[in-house]
Amino acid sequence: MKRTFLFLCLAVSLEAAPPDSFFRALHAVESGGRIGAIKGDKGAALGPLQIHRAYWQDSGLKGSYSQCSELGYARAVVSAYMQRKAPLAWAAGDCRTLAMVHNGGPQALKAKGQKKTNLETYWKKIQKHL
């Protein structure tokens, strides 16, 4: 009985999502709210949420990388990626962890030194838009 209840709780919570303000904040910080085929990180990132090809591939979402230039598709990529790479943060709506994983990858919370400083700076930018 306890196992069934725990399973049901996890199944329901993993379908939760962060607030819409999280995506608006990502959009504002990553591209200044612009839309389209915006290239960043010296051409390595694409679209309004600045998604790298490996991030898109890791999301497991069907489609093509070029679709990351569309805001709706980019949001779907972030959603799929976070549900795979940071499912507990996704379920809890933990915007700090999700922002750090978006910017620094799945190991972002273990970062040290300058990378950790950069991630904290990134989080402060996101916070201003939440």
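Is R96 buried, partly exposed or exposed? R96 is partly exposed, with a relative accessible area of 31%. The model described here is predicted.

## Salt bridges

Side chains of opposite charge can pair when their charged atoms come close. The structure holds 3 salt bridges. One of them joins the side chains of E120 and R96, with an N to O distance of 2.5 Å. This pair links distant parts of the chain, since E120 belongs to helix α7 (residues 113-127) and R96 to helix α6 (residues 95-104), 24 residues apart. Like R96, which has a relative accessible area of 31%, E120 is partly exposed, and its value is 24%.

Salt bridges that share partners join D20, R24 and R75 into one network. D20 forms a salt bridge with R24, and their closest N and O atoms are 2.6 Å apart. R24 and D20 are separated by about one helical turn, because they stand 4 residues apart in helix α2 (residues 20-31). An α-helix has 3.6 residues a turn, so residues three or four places apart point the same way.

D20 also forms a salt bridge with R75, and here the closest N and O atoms are 2.5 Å apart. This second pair links distant parts of the chain: D20 is in helix α2, while R75 is in helix α4 (residues 71-85), 55 residues away. D20 is partly exposed, with a relative accessible area of 37%. R75 is partly exposed too, with a relative accessible area of 27%.

## Helix α7

Helix α7, which carries E120, has 15 residues. From its first C-alpha to its last it reaches 21 Å, close to the 21 Å expected at 1.5 Å a residue.

Which residues of α7 are buried? They are L119, Y122, W123 and I126. Seen down the axis of α7, these buried residues fall within an arc of 100 degrees, so they line one face of the helix. They pack against α2 and α6. The face turned away from the buried side carries the exposed residues Q114 and K124.

The model has an open sheet of 3 strands in the order β1-β2-β3, and the pairing is antiparallel. β1 (39-40) and β3 stand at the edges with a single partner strand each, so one side of each is left without a neighbour in the sheet. β2 and β3 pair in the antiparallel sense over 2 bridges. The bridge partner of A45 in β3 is H52.

## Q50, between β2 and β3

Where is Q50 placed? Q50 sits in the loop between β2 (45-46) and β3 (51-52). Q50 counts as buried because its relative accessible area is 10%, and buried means under 20%.

The side chain of Q50 reaches the backbone oxygen of G47 at 2.7 Å. A polar atom of the Q50 side chain also lies 3.2 Å from the backbone oxygen of I38. Leaving aside neighbours within four places in sequence, Q50 is in contact with E30, I38, K39, G40, D41 and A45. Between Q50 and A37 there are 13 residues of separation in sequence and 9.4 Å in space, C-alpha to C-alpha.

## S69, between α3 and α4

S69 lies in the loop between α3 (53-59) and α4. Helix α4 is also the one that holds R75. S69 is buried, with a relative accessible area of 18%.

Which residues does S69 touch, not counting those up to four places away in sequence? They are G36, A37, L46, G47 and P48. G47 also supplies the backbone oxygen that the side chain of Q50 reaches. A polar atom of the S69 side chain lies 2.9 Å from the backbone oxygen of S66.

Note on methods: Residues are numbered from 1 along each chain as its sequence is written. This is a predicted model: local features need pLDDT of at least 70, side-chain atom pairs count only at pLDDT 80 or more; totals for chains, interfaces and linings use all residues. Side-chain values use heavy atoms; hydrogens and water are left out. A salt bridge is a side-chain nitrogen of Lys or Arg within 4 Å of a carboxyl oxygen of Asp or Glu. Buried means under 20% relative accessible area, exposed over 50%, partly exposed in between (1.4 Å probe, protein chains only). The expected span of a helix is 1.5 Å times one less than its number of residues. The arc is that of the directions from the helix axis to the C-beta atoms. Contact means heavy atoms within 4.5 Å. A polar contact is a pair of N or O atoms within 3.5 Å; within protein, one must be able to donate a hydrogen and the other to accept it, and residues adjacent in sequence count only if both atoms are side-chain atoms. Two strands pair if DSSP finds at least two bridges between them.
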